[in-house]
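Subject: Structure handover

Hi,

Here is the structure I promised to pass on. Please open it beside this note and read the two together.

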Amino acid sequence: MTTTTPPATTREAPPYRITPTRILRSEWHKLRSLRSTWITLTTAAALVLGVGLIMGGTYTSGGGDSDVDIVVLTLYGSLLGQLCVIVLGILVTAGEYATGMIRSSLTAVPTRLPVLWAKAAVFTATVLTVMSTTALITFGAAQLFLHDTDQAASLTDPGVLRALAGNAVGITLLSLIALGLGSLLRSVPGAIGAFIGGVMILPEVLGMLPYETVERALVHFPTQAAGALGSATPIPGTAAPGPALLALCLWAAATLAAAALSLRHRDA
């Protein structure tokens, strides 16, 4: 009697594997496929450019703004534009919890944290690109009006290019903090309230305290540090660009770290 050995079966490799590139591609597809993304970014860019053109078109030499830093003067609209990208950063994370889409994302990527890192990377690259381009275009457009005034400047002037880049980086890092808050709190209204109250209003309240230690600490708070990055000349009472950038990066990293701990240990 002879026995036959069943043929060895080979286990087929799964057709799809989870890789960092595929997670990034997925998050990029989600970000660019939403109309709110492009509406918000377009609105932010339009506000910065529009206010810059108004400032350039209405400026007269020797007026009340003659002592204002040229980059600050040109990019006054950034104060409005950054509000748009801050809301977008919150929607990128908290919006998925509101719609329930986060469950699908975490089911596809059970390790969870790569989803957060991919969201942060894609969002950072997108906002930095848009805001850098907007700052350069706005500066050039405003100089069409300012070329024969005492605020005439060029990209080769000391500190101008650094300040334009710093403005874009500052807005990007502020919106990255908002993204982390959105993931941490999992609520769009809650994250917006936390950002406005904790990042924008709290430093103003603390600034009323008559303590020198508080004053020294406040220059490293997010909004104050971002403002210092966007000036071609030093602003009295603010941190130098290097320490300001480091402080802003640490705020963003701390917020994302808290969001990562929450994502790892809490149910979706």
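How do α2 and α6 run relative to each other, roughly parallel or roughly antiparallel? First, the ground rules. This is a predicted model: local features need pLDDT of at least 70, side-chain atom pairs count only at pLDDT 80 or more, and totals for chains, interfaces and linings use all residues. Residues are numbered from 1 along each chain as its sequence is written, and side-chain values use heavy atoms, with hydrogens and water left out.

Now the answer. Helix α2 (residues 35–58) and helix α6 (residues 113–146) pack at an angle of about 20 degrees, and their axes are 8 Å apart. The two are therefore roughly parallel (angles under 35 degrees; over 145 is roughly antiparallel, 65 to 115 roughly perpendicular, the rest oblique). Axes here are lines fitted to C-alpha atoms, for helices over the stretch in contact, and angles run from 0 to 180 degrees between N-to-C directions. α2 passes α6 in a right-handed crossing (the near helix is turned clockwise from the far one by less than a right angle; anticlockwise is left-handed).

On the α2 side, the contact includes Leu41, Ala45, Val48 and Leu49. On the α6 side, Thr126, Val127, Val130 and Met131 are among the residues involved. Contact means heavy atoms within 4.5 Å. By class, this contact has 13 nonpolar, 6 polar and no charged residues. Ala, Val, Leu, Ile, Met, Phe, Trp, Tyr, Cys and Pro count as nonpolar, Asp, Glu, Lys and Arg as charged, and the others, Gly among them, as polar.

α6 also packs on helix α7 (residues 160–185), at an angle of about 150 degrees with axes 9 Å apart. That crossing is right-handed. Leu116, Phe123 and Phe139 are among the α6 residues that take part, and Val160, Leu164 and Leu179 among those of α7. The α6–α7 contact has 17 nonpolar, 5 polar and 1 charged residues.

Next, the whole chain. It has 11 helices and 0 strands. Helices (H or I, at least four residues) and strands (E, at least two) are DSSP runs, numbered from the N terminus. The radius of gyration is 23 Å, well over the 18 Å that the globule rule gives for 268 residues, so the chain is more spread out than a compact globule. That radius is taken over C-alpha atoms, and the rule is 2.2 Å times the number of residues to the power 0.38. The C-alpha trace spans about 110 × 45 × 30 Å along its principal axes. Buried residues make up 43% of the 268 (buried is under 20% relative accessible area, exposed over 50%, partly exposed in between; 1.4 Å probe, protein chains only).

Some single residues to look at:

- Leu174 is in helix α7. It is buried, at 1% relative accessible area. Leaving aside residues up to four places away in sequence, Leu174 touches Gln82, Ile86, Phe195, Pro222, Thr223, Ala226 and Leu248.
- Arg186 lies in the loop between α7 and α8 (188–206). Arg186 counts as buried at 14% relative accessibility. Its phi is near 60 degrees, a positive value in a residue other than glycine.
- Ser262 sits in helix α11 (residues 241–265). Ser262 is buried at 8% relative accessibility. Beyond residues up to four places away in sequence, Ser262 touches Leu184 and Arg186.
- Arg112 is in the loop between α5 (101–108) and α6. Arg112 is not a glycine, yet has a positive phi of about 70 degrees.

Best wishes
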